[in-house]
Amino acid sequence: MTDKTDLYPTVAELGRLRAVAAGREKPDLIVRGGLVQSPGTEEWLERDVLVAGRHIAALTPWGHVAATPGTGGIVIYGAEADDAHGHAIEEIDASGCHVVPTFIDAHLHIEYTNLTPGELGRLSVARGTGTVLTDPNGAANVWGARGMDALLSTTTPLHIFQQVSPKTPGSPHLERGGAVIPEEVVRGRLWHDVTTNLGEGNPFDYGSESTGRFREALVAGRRITGHTAAQTNESLWGYLAAGVGDDHNSATIDEVLERVRLGAMITVMGASLTDNTVPIFSDLEKVAPALRSLCFCADDKHALDLSTEGHIDHHVRQAIRFGVDPQLAYRMATTQPASYYRLDQILGLIAPSRLADLQIIPDLAEVRPSVVIVGGRVVARDGEALFANTDELPDWMSDTVRLPETLDPAMFEVRAAGTDGAESGRVRVRAMELYKGYFKQAFEAELDVVDGLVQGDTTADVLKIAIVDRHHGDGLTGIAFVKGFGLSRGAIAITMNCPNMNIAVVGVDDAEMVHAVEELRSMQGGFVTVAGGEVLGRVPLPVGGMMSAAPFEETADALRRGHEATHALGCPIPSPYIILSFVGLYVVPDLGVTELGLIDATTQSFVDVLLPGPVDRCGHDEERS
């Protein structure tokens, strides 16, 4: 666990840092000859970086500290290597390169990487991302507070800070969820040393409990992370008035400017759901007033995309590709989030007394570090980690999928009887259509009724979706209809419905949906694609039904094969499993669904699947144009 107190220099370390900076003692490491990102000005400085132990002692002009000739990058100062003032010094030649801090992911759900913290560390640190701020809301729903702690812990060089999940379950009147975390536990965690901010909460919750939680975060000196979900005007103003200070949902320049002009920091999301770097950096002249109020986050990005596209290095590449000055692009990934989240006395800038978390970048536009240093130690070279993942996971993190002994296809039936009494014909239903990743527009669909049961329509791509409880063993199921998955046959299912980590399954018929859920039971969690009685793709995620402790390369490959199998069934979505995770999310308008039923996101209340009855569109028509 990354307690901030443990990252500051100790008294002895401070004394040594001062002695090295004053020239009274020699450093342990010198990064020589690079152009160093200035900690306080937007310049590249001709500096050598002097490191003593875990921290930076000084930035000196090139060659200010002379080296005694040696070989292999190691030089000896003083007459004796074991003398009190003479010892071996490691040198790294950064000539022709730029030296920058390691990157910060300002908002990440580790569960959605589908990797344990140690495997994420092995993947991301080598690519330059050394710090993540994580909201472990999935772990909270499956395991409670001990699960939150588990996702903050790794023996790898990855720094993990906590964004406290605000409420578990998120809305008890709309879902049962899994674990229940008392409010006093949540508020207590805001004072933990590992905490940087309160995690994203329901923007439509105006209750006294949530208001008190916002107040506790402010008093504790923590930032409050937002989830503004296409809000504007009074809806947005009411959310930010609670002290919410950042947002990762801004998907247009107008949304960015609206929020920054209200004092918010924008954490530009580059996720597997959607990549907002494209629309936000598409018009630099228009977005220019906000550039120094931007930082980056992956939010929900799975192992395949992380390993092929990149982590925060992807955001930096994108910003530079669209014309952002490289100095500023790198600051968006380092100094700007460090300053905003009050970590800048520890990391995020190359300055005296800060952690020696550095990377050497041969090509600013490529953003591929040749060397990554964390805590004064070289931990990766040329994209490969020099450390192993030795994290050990407790037994209680497995075997978390609990279902009835037998599953009946009738659990997925939607009966038309009671509307007009017809056993056949057509009925109107409320349905949701996916767009821009996980946004959902409500619409009305006409579907056939056969033997009193409402049928999906593969021709119109209106399929049945179900959320099945997998925590309590009773298989309680909520059902809705969704457009966008494009399946011509079969079904896909996951054990990661957001936020409660229940099962979500979408399919062309009830039998295929049952088959998919049964496969999830046999795997004890993960993703699956089935059709015609066969399993076409599977991604085992036995750690809480969310993650795999296998090498990230194996998980990424399983995702690739699962996606290909799903695409072969007609699905056009690049990452169908993670998109399925968010169809049920009831804090993203217009609709959501839990194991208890269909939800109007704006009113935060249940609505009938069968019409009549209006559903507001919350201004999404403008967003889609």
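**Burial, pairing and cysteines in a predicted model**

In this predicted model, Leu596 has a relative accessible area of 38% and is partly exposed.

Me: In which loop does Leu596 lie, between which two strands?
Reply: The strands to consider are β28, residues 591–594, and β29, residues 597–600. Leu596 is in the loop between them. The two strands are β28 and β29.

Me: Which residues make a nonpolar surface patch with Leu596, and what is the area of the patch?
Reply: Patch members need over 30% relative accessible area, and Leu596 has 38%. Leu476 and Phe606 make the patch together with Leu596. Its area is about 230 Å².

Me: How many disulfides does a search of the whole structure find?
Reply: A disulfide needs two cysteine sulfur atoms within 2.5 Å. For Cys295 the closest cysteine sulfur, in Cys297, is 7.4 Å away, so it is too far for a bond. For Cys498 the closest cysteine sulfur is also in Cys297, at 14 Å, again too far. Over the whole structure the search finds zero.

Me: Is Cys498 buried or exposed?
Reply: The cut-off for buried is under 20% relative accessible area. Cys498 has 6%. Cys295, at 0%, also counts as buried. The word for Cys498 is therefore buried.

Me: What does UniProt list for residues 441–604, and what is the strand content of the span?
Reply: The unreviewed UniProt entry lists these residues as "domain: Adenine deaminase C-terminal". In the model, the end C-alpha atoms of the span lie 16 Å apart. The span is 23% helix, and its strand content is 37%.

Me: Why is strand β25 described as largely enclosed by the rest of the structure?
Reply: Strand β25 covers residues 502–507. A residue counts as buried under 20% relative accessible area. The strand is largely enclosed because the number of its residues that are buried is six of the six.

Me: Which residue of β25 is the bridge partner of Lys464?
Reply: Strand β22, residues 462–468, pairs with β25 in the antiparallel sense over five bridges. Strand β24, residues 491–497, is also joined to β25 by five bridges and runs antiparallel to it. From Ala491, the bridge partner in β25 is Gly507. For Lys464, the bridge partner in β25 is likewise Gly507.

Me: Which residue in the turn between β24 and β25 has a positive phi?
Reply: Strands β24 and β25 form a hairpin, with four residues between them. In that turn, a phi of about 60 degrees belongs to Met501.

Note on methods: Residues are numbered from 1 along each chain as its sequence is written. This is a predicted model: local features need pLDDT of at least 70, side-chain atom pairs count only at pLDDT 80 or more; totals for chains, interfaces and linings use all residues. Side-chain values use heavy atoms; hydrogens and water are left out. Buried means under 20% relative accessible area, exposed over 50%, partly exposed in between (1.4 Å probe, protein chains only). UniProt positions are given in the numbering used here, feature names are shortened, and annotations may be inferred rather than shown by experiment. Two strands pair if DSSP finds at least two bridges between them. Patches are made of residues with over 30% relative accessible area and no salt bridge: like charges are joined within 9 Å, nonpolar side chains (Val, Leu, Ile, Met, Phe, Trp, Tyr) within 5 Å. Accessible areas come from the Shrake-Rupley method with a 1.4 Å probe; for residues, only the protein chains shown count as cover. A salt bridge is a side-chain nitrogen of Lys or Arg within 4 Å of a carboxyl oxygen of Asp or Glu.
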